[in-house]
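Here is a short briefing on a protein model. Look at the structure first, then read the points below.

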Amino acid sequence: MFNKILIANRGEIALRVIRAAREMGIGSVAVHSTADADAMHVRMADEAICIGPAPGTQSYLNVAAIISAAEITGAEAIHPGYGFLSENANFVQALQDHGITFIGPTAEHIRVMGDKITAKDTMKKLGVPCVPGSDGGVPDLETAYQVGDDIGYPVIIKATAGGGGKGMKLANSRDEMENAFRTARSEGKSNFGNDEVYIEKYLGRPRHIEIQVFGDGNGRAVHLGERDCSLQRRHQKVFEEAPGPAIDEATRAKIGKVCADAVATIDYAGAGTVEFLYEDGEFYFIEMNTRLQVEHPVTEAIFGVDLVREQINVAAGLGMSFEQDDLKINGHAIEVRINAEKVPEFTPCPGKITQYHAPGGLGVRMDSALYDGYSIPPYYDSLIGKLIVHAPDRPAALARLKRALGELIVDGIHTTTPLFHALLEEDAVLTGDYNIHWLEKWLEANT
């Protein structure tokens, strides 16, 4: 086992990894920018080292500085959290070259799954169902028209290297194809340095279902059920739950086995998430995230496992502590993302926290790095906390979430908490009868 690990991240996820390491008797090293000198993850770690100025490109994305920090502190392994360098194959390769263990999959697996076209092709070969669309990248507008005519409109054009909703454009008809195609390519180029795009059939009322998988890197893998992440705004998840209200036990077992078998075949190591659109009983592969997800706590809640501890164990060569037959769902869990944003505009709202109180009680977990007097910097993602509840069933989880939201106090800034108070009054949310387009339409009608 490692004696010391470095966490190449910030905020609540850095704090989450530090806590797991401490329970395992492992020393922790926090890295931070100058803007995060007073951050909670810096205070909680056993050691802390500044790696650069406030902008992420000069600190949390500074590979040389992070490797230097690991070498200076004697950290044997690095946990990337999510975001930043968590899915950067070049970073993983650089760590390997310096004899530092990456707590996650191999550089090759990250590289394969990071390219949407290669990932789709790989998953097809492994027996995972995919959305109808182009065979690889679409090089020009003439080809785009041909693909659209073949699979039928509406279609969605996606940047190969895209993510976070960027580089995705909808064409409802042939007349809309040119503008959507050129815009998706432009966004791909400006955001990811890659203007290659591909085209998929646009589904009208799909749910966003993701399967949590975990592999030991030696041909053994399991699935930990699904999460429903269909409540989204601009392709960004805001509300996640497990198990999914639209998935029955037989369907879960079938698609879970397909995903577990696929990652076992390629000797995948650690946590991964296979994401699907789900409509009319059919699954369509979107992408695979080769890291821990923001919403991993709902899976931890219903299965009673610590996914970060398992990541560390696998990276240390100790394997997984469970097999598929050990994994039984217990109850229902929901997570809502608390962002420093003003609703309904959803404009970022950094600033000083004048009062913070986390909700508590049975089945309530608040993952946050906030504290009274903390100043949220304007340089990073607006996520400031995740409120997770767990209860015996979905109605009880919704009631617990409503109660916990009523206890949450974050004064001094605006947050997205009012959104969730409003959503918990909606029949579609209470019954689970929603899809990936529902929240956008609701927001249009209610703002």
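A residue is called buried under 20% relative accessible area, exposed over 50%, and partly exposed in between, using a 1.4 Å probe and protein chains only. By that rule T299 is buried, because its relative accessible area is 1%. This is a predicted model, where local features need pLDDT of at least 70 and side-chain atom pairs count only at pLDDT 80 or more, while totals for chains, interfaces and linings use all residues. Residues are numbered from 1 along each chain as its sequence is written, and side-chain values use heavy atoms, with hydrogens and water left out.

**Overall build**

- The protein has 15 helices and 22 strands. These are DSSP runs, numbered from the N terminus: helices are H or I with at least four residues, strands are E with at least two.
- Along its principal axes, the C-alpha trace spans about 60 × 50 × 45 Å.
- Of the 447 residues, 57% count as buried.
- Contact means heavy atoms within 4.5 Å. Among contacts with a separation of 6 or more, 65% join residues 24 or more positions apart.

**A buried threonine**

- T299 lies in helix 10, which covers residues 296-303.
- Which residues does T299 contact, leaving aside its neighbours within four places in sequence? They are Q212, L224, R227 and L307.

**Helix packing**

- Two packed helices are described by the angle between their axes and the distance between the axes. Axes are lines fitted to C-alpha atoms, for helices over the stretch in contact, and angles run from 0 to 180 degrees between N-to-C directions.
- Helix 7 (residues 141-151) and helix 8 (residues 177-192) pack at about 120 degrees, with axes 10 Å apart. That makes helix 7 oblique to helix 8. Angles under 35 degrees count as roughly parallel, over 145 as roughly antiparallel, 65 to 115 as roughly perpendicular, and the rest as oblique.
- Helix 7 passes helix 8 in a right-handed crossing. Right-handed means the near helix is turned clockwise from the far one by less than a right angle; anticlockwise is left-handed.
- L141, A144, Y145 and G148 in helix 7 meet M177, E178, F181 and R182 in helix 8. These residues divide into five nonpolar, one polar and two charged. Ala, Val, Leu, Ile, Met, Phe, Trp, Tyr, Cys and Pro count as nonpolar, Asp, Glu, Lys and Arg as charged, and the others, Gly among them, as polar.
- Helix 3 (residues 63-73) and helix 4 (residues 89-97) cross at roughly 35 degrees, and their axes come within 11 Å. Their crossing is right-handed.
- V63, I66 and I67 in helix 3 meet F91, A94 and L95 in helix 4. This contact has six nonpolar, no polar and no charged residues.

**Backbone details in loops**

- The peptide bond from Y153 to P154 is cis, with omega near 0 degrees. P154 lies in the loop between helix 7 and strand 6.
- V343 and P344 are also joined by a cis peptide bond, with omega about 10 degrees. P344 lies in the loop between strand 15 and strand 16.
- F346 is found in the loop between strand 15 and strand 16. Its phi is near 60 degrees, a positive value in a residue other than glycine. Is F346 buried or exposed? F346 counts as buried, at 11% relative accessibility.
- D280 has a positive phi near 55 degrees. D280 sits in the loop between strand 12 and strand 13, and is exposed, with a relative accessible area of 74%.
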